[in-house]
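Keep the sequence and the 3D view open while reading.

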Amino acid sequence: MLALLLVPLLAGMPAAQAVDAIQDCAECPPLVPIPAGVLIPDDAPPRPIAAFLMGQTEVTFSQWQACVNAHACKGGQSDHGWGSGSRPIININYTEALEYVTWLNRITKRTYRIPNEDEWEWAARGGTHTLFWWGNDPGEGNANCRACGTRWSGHMTAPVGSFNPNPYGLYDTAGNVWEWTSSCWNIKRAAPPAEQDCQQRAARGGAWYYIPLQSRSNARARHPITLWSYTVGFRVAAELETHP
């Protein structure tokens with residue numbers, strides 16, 4: 001396993017757990033273990049969450065390029081002059097995100113997927129119950145969102161891992177880019193399946209362009225699966241066990 005050092009947390013913030021990130025190949029996104037538990041959403045009954053793995057960061061341009069080089073993903077996404085490399089891949093629609101996951105499944109012995117929004121929120125909260133994983137006040141310098149007091153806020157994406165990790169060792173679950181989830185859109189998560197709109201997916205986490213309110217752990221947005229945007233990216237989830 002590839003051990004990654006975690007950035008020290010600011011005084012008063014929840015302590016991050018020291019984790020060894022799992023990396024299934026040199027080009028694969030590092031994964032961290034997310035424990036099982038019960039999510040209590042604002043708009044639905046409690047949801048049991050099984051243990052799984054989550055991408056430590058949003059998928060980056062460099063990680064995406066490996067898929068492009070393998071002729072399994074579409075290339076040519078604009079970085080808007082902000083730089084690529086360790087910045088989150090943007091201008092990726094939902095179908096293209098699935099193509100990346102399909103490629104990871106083909107080259108590794110693990111089952112990758114896009115997390116559903118219950119899994120995403122459980123992981124993003126990091127065991128906390130506040131509006132943001134670090135507390136109820138967005139403060140300054142905690143995330144890349146509009147008026148969040150960083151040099152990127154309201155202007156562009158930031159390189160992944162530019163801020164402190166949450167208690168589960170995940171970076172950038174608040175701000176930077178909206179992240180696709182696999183969940184079909186429901187106005188309320190408790191709505192019956194017949195009311196789901198699978199031409200739109202729930203996106204979570206807010207983005208550099210949006211105000212802190214939309215970067216809360218419980219904030220939801222809906223995006224058409226065909227949407228490309230410089231405010232939208234994704235991170236992967238994966239099963240704990242590998243297969244032969």
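Two residues are in contact when they have heavy atoms within 4.5 Å of each other. Helices (H or I, at least four residues) and strands (E, at least two) are DSSP runs, numbered from the N terminus.

## The model

This is a predicted model, in which local features need pLDDT of at least 70 and side-chain atom pairs count only at pLDDT 80 or more, while totals for chains, interfaces and linings use all residues. Residues are numbered from 1 along each chain as its sequence is written, and side-chain values use heavy atoms, with hydrogens and water left out.

A residue is called buried if its relative accessible area is under 20%, exposed if over 50%, and partly exposed in between (1.4 Å probe, protein chains only). In α1 (61-69), the buried residues are Phe61, Gln63, Trp64, Ala66, Cys67 and Val68. The buried residues of α1 pack against α2. After α1 comes His71, with a positive phi near 60°.

Nine of the nine residues of α3 are buried, so this helix is largely enclosed by the rest of the structure. Among them are the charged residues Glu117, Asp118, Glu119, Glu121 and Arg125; for charge, Lys and Arg count as positive and Asp and Glu as negative, while His and the chain ends are not counted. At the start of α3, a side-chain oxygen of Asn116 comes to within 3.1 Å of the backbone nitrogen of Asp118. Gly126, which follows α3, has a positive phi near 60°.

## Nonpolar cores

A nonpolar core is a set of buried Ala, Val, Leu, Ile, Met, Phe, Trp, Tyr and Cys residues joined through side-chain atoms within 4.5 Å. The largest one has 36 residues, and Trp64, Tyr100, Tyr112, Phe234 and Val236 have the most contacts inside it. At least two residues of this core come from each of α1, α2 (94-107) and β8. The largest share, six residues, is supplied by α2.

Which residues does Phe234 touch, leaving aside neighbours within four places in sequence? The contacts of Phe234 include Trp64, Ile89, Ile92, Ala97, Tyr100, Ile114, Trp178 and Trp180. A second, separate core has 15 residues, including Val19, Phe52, Ala124 and Tyr168.

## Strand pairing

Strands of a sheet pair through backbone hydrogen bonds, either parallel or antiparallel. Two strands are taken as paired if DSSP finds at least two bridges between them. β8 (residues 178-185) pairs with β11 in the parallel sense over two bridges, and Trp178 has Val232 as its bridge partner in β11.

β12 (residues 237-242) runs antiparallel to β6 (residues 52-55), joined by two bridges.

## A buried aspartate

Asp172 lies in the loop between α3 (117-125) and β8. What is the nearest side chain of opposite charge to Asp172? Arg235 is, at 5.7 Å, and the buried Asp172 has no salt bridge (a side-chain nitrogen of Lys or Arg within 4 Å of a carboxyl oxygen of Asp or Glu).

A polar atom of the Asp172 side chain lies 2.9 Å from the backbone nitrogen of Gly161. Not counting residues up to four places away in sequence, Asp172 touches Glu58, Val160, Gly161, Ser162, Phe163, Glu179 and Arg235.

Key. Polar contact = N/O pair within 3.5 Å; in protein donor to acceptor, adjacent residues only side chain to side chain.
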